[in-house]
Amino acid sequence: APRSMRPYALYVLIAGALTLALTTCSSSALRAAGEPQGVAFALAHCFFLSTFFGRLSAHVSPTPALTLQMLAGVLVENIPGTREAIGEAITTDASALVRKFALGCILARAGLAMDAASAWANRAKVAKLSCVGMIEMTTVAGLFIALFSLDAATSFAGGFLMAGISLAVVIPPVAEFQRRGLGVEQGVPALIISASSFDGIIAIVGFGICSGIVAAGGGSGATAMAWKVPTQIVVGGVGGPALAKALVRANILSSSTKPSTGVLDASLVLSTVMVILYSATHLEVSGGGALMAIAFCASLALEWTNHGCSDALRDASIALTTLWSDFTAPLLFVIIGATLDLHSSSFWNVAPKALAIIVVGGAARAAGVFAATHGNETMSIRDRTFIAFAWTPKATIQAALAGVIYDQAVTAYGADSKQADDGTVLLQTALLSILLTAPLGAWCIAYFAPKLLTQKQAGAI
């Protein structure tokens with residue numbers, strides 16, 4: 001077979017083998033799961049379709065693969081036949097499991113990729129640019145209150161949800177521009193890469209705190225949850241680094257005295273992150289759990305770097321990136337796309353207002369970028385404009401967190417409750433933001449970088 005067709009043949013064989021095994025097994029429950037309208041059947045075929053659509057993105061560059069993967073999910077949910085056999089078979093529990101696992105991958109990769117030394121060297125610039133998301137967050141929260149009459153906690157959860165930019169869309173091309181010397185002398189790529197990680201941390205932790213307040217309900221429950229916020233921040237910020245030091249010094253992870261393989265380190269890191277996230281969910285401190293998870297990974301990266309284990313950091317990062325790009329991302333985006341029901345009247349009622357929120361929130365973020373970079377003597381207006389374009393895409397954080405408020409509401413109050421309707425508003429707004437801003441942002445980054453950024457002069461240091 002041609003080399004380009006081998007991945008597809010492999011996926012077909014795997015999907016066929018799984019389907020055959022499940023449909024012929026002795027357990028009736030497993031057999032039902034492997035048949036059409038079964039959850040295993042749905043997940044296997046969603047993964048295959050998502051992978052296939054993702055491969056097609058190479059023919060419409062620079063459109064990110066995640067956009068086509070999400071479109072595959074939209075088609076699965078809205079085409080008759082596939083809707084009944086696949087789309088409606090994806091259970092809430094299965095979707096929540098995939099999203100939680102994806103969040104763990106996002107936090108682990110972001111933490112290990114964080115360059116603490118570079119961020120500290122440019123701490124003032126990074127801090128100002130990282131806080132740009134807060135401008136978008138407050139703007140979006142106000143619009144949720146004004147346009148949808150959502151309560152404050154849900155609105156601010158929506159604000160944090162919409163404020164996180166997509167590292168998967170932004171970082172790869174910007175890192176490539178840095179390698180090619182575009183904007184390097186002005187420090188544009190380095191600033192974007194450093195600040196992007198912190199922007200994502202603020203969005204995820206802020207959303208976790210607000211979603212916990214929403215889950216607690218009104219009155220004394222919300223008040224008690226609000227009082228937990230300082231504790232979550234302190235425990236998360238201190239517990240993560242302490243755990244990283246303990247695992248390295250106990251030789252559970254790679255250390256200077258006991259090197260290990262990248263796959264084993266990545267597995268242990270991801271397992272630790274997932275234990276933290278599930279424990280935090282059980283204790284109703286999701287924000288603190290997210291902070292502890294990313295603090296753990298960032299501290300681990302620093303421990304490895306300081307103790308001469310850079311190879312362990314590199315190998316673990318490569319293993320996690322492979323897991324994300326080849327498995328987690330395709331499954332996440334096709335499943336989140338499958339939640340977009342174009343036959344629902346509620347979608348068309350939400351869509352116009354959601355578009356207004358996306359546009360106004362994006363304008364607020366752009367204005368924040370210009371304000372945060374004002375007075376930067378090394379950057380021209382062209383550099384600052386590029387940063388505004390580069391911070392347009394939404395995708396990974398929105399896909400991982402969009403359904404959290406809705407799932408909480410359905411569990412606590414039922415699918416027909418007002419709380420579930422509020423969660424649907426956040427979910428549909430986040431989905432539209434992914435479909436619109438991910439490809440638009442990728443196109444803007446690719447098109448404007450050569451036009452706005454200055455090429456490093458040959459021989460310059």
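## Basis

The model is predicted, so local features are given only at pLDDT of at least 70 and side-chain atom pairs only at pLDDT 80 or more, while totals for chains, interfaces and linings use all residues. Residues are numbered from 1 along each chain as its sequence is written, and side-chain values use heavy atoms, with hydrogens and water left out.

Helices are DSSP runs (H or I, at least four residues), numbered from the N terminus.

## Helix H18

Helix H18 covers residues 345–372, which is 28 residues. From its first C-alpha to its last it reaches 41 Å, close to the 40 Å expected at 1.5 Å a residue. The expected span is 1.5 Å times one less than the number of residues. H18 has a kink of about 35° at Ala 351, shortly before the proline Pro 352. This bend is the angle between axes fitted to the seven residues ending at a residue and the seven starting there.

The buried residues of H18 (buried means under 20% relative accessible area, with a 1.4 Å probe and protein chains only) include Phe 347, Val 350, Ala 351, Ala 354, Ile 357 and Ile 358. Among the elements that cover the buried residues of H18 are helix H8 (123–130), helix H12 (188–216) and helix H22 (418–452).

Ala 372 belongs to H18. Ala 372 is buried, because its relative accessible area is 13%. Not counting residues up to four places away in sequence, Ala 372 touches Lys 128, Leu 129 and Val 132; contact means heavy atoms within 4.5 Å.

Helix H14 (residues 229–249) has 21 residues and reaches 30 Å between its end C-alpha atoms, close to the expected 30 Å. Its buried residues include Gln 232, Gly 236, Gly 239 and Gly 240. Just after H14, Asn 251 has a positive phi of about 60°.

Helix H15 (residues 262–282) has 21 residues, which should span 30 Å at 1.5 Å a residue, and the 30 Å between its end C-alpha atoms agrees. Among its buried residues are Asp 265, Val 269, Leu 270 and Val 273. What covers the buried residues of H15 includes helix H6 (92–113), H14, helix H16 (286–306) and H17. Just after H15, Glu 284 takes a positive phi of about 60°.

## Packing around H17

The axes of helix H4 (residues 65–78) and helix H17 (residues 310–337) come within 6 Å and cross at roughly 45°. Axes are lines fitted to C-alpha atoms, for helices over the stretch in contact, and angles run from 0 to 180 degrees between N-to-C directions. H4 and H17 are therefore oblique to each other. Angles under 35 degrees count as roughly parallel, over 145 as roughly antiparallel, 65 to 115 as roughly perpendicular and the rest as oblique. In this pair, residues of H4 including Leu 66, Gln 69 and Ala 72 meet residues of H17 including Ala 329, Pro 330 and Val 334.

H16 and H17 pack at about 140°, with their axes 7 Å apart; these two helices are therefore oblique as well. Ala 301, Trp 304 and Thr 305 in H16 meet Ser 310, Ala 312, Leu 313 and Ala 316 in H17.

## Ser 50

Ser 50 lies in helix H3 (residues 39–56). Ser 50 counts as buried because its relative accessibility is 0%. Leaving aside neighbours within four places in sequence, Ser 50 is in contact with Gln 69, Ala 72, Pro 330, Leu 331 and Val 334.

Note on methods
Buried means under 20% relative accessible area, exposed over 50%, partly exposed in between (1.4 Å probe, protein chains only).
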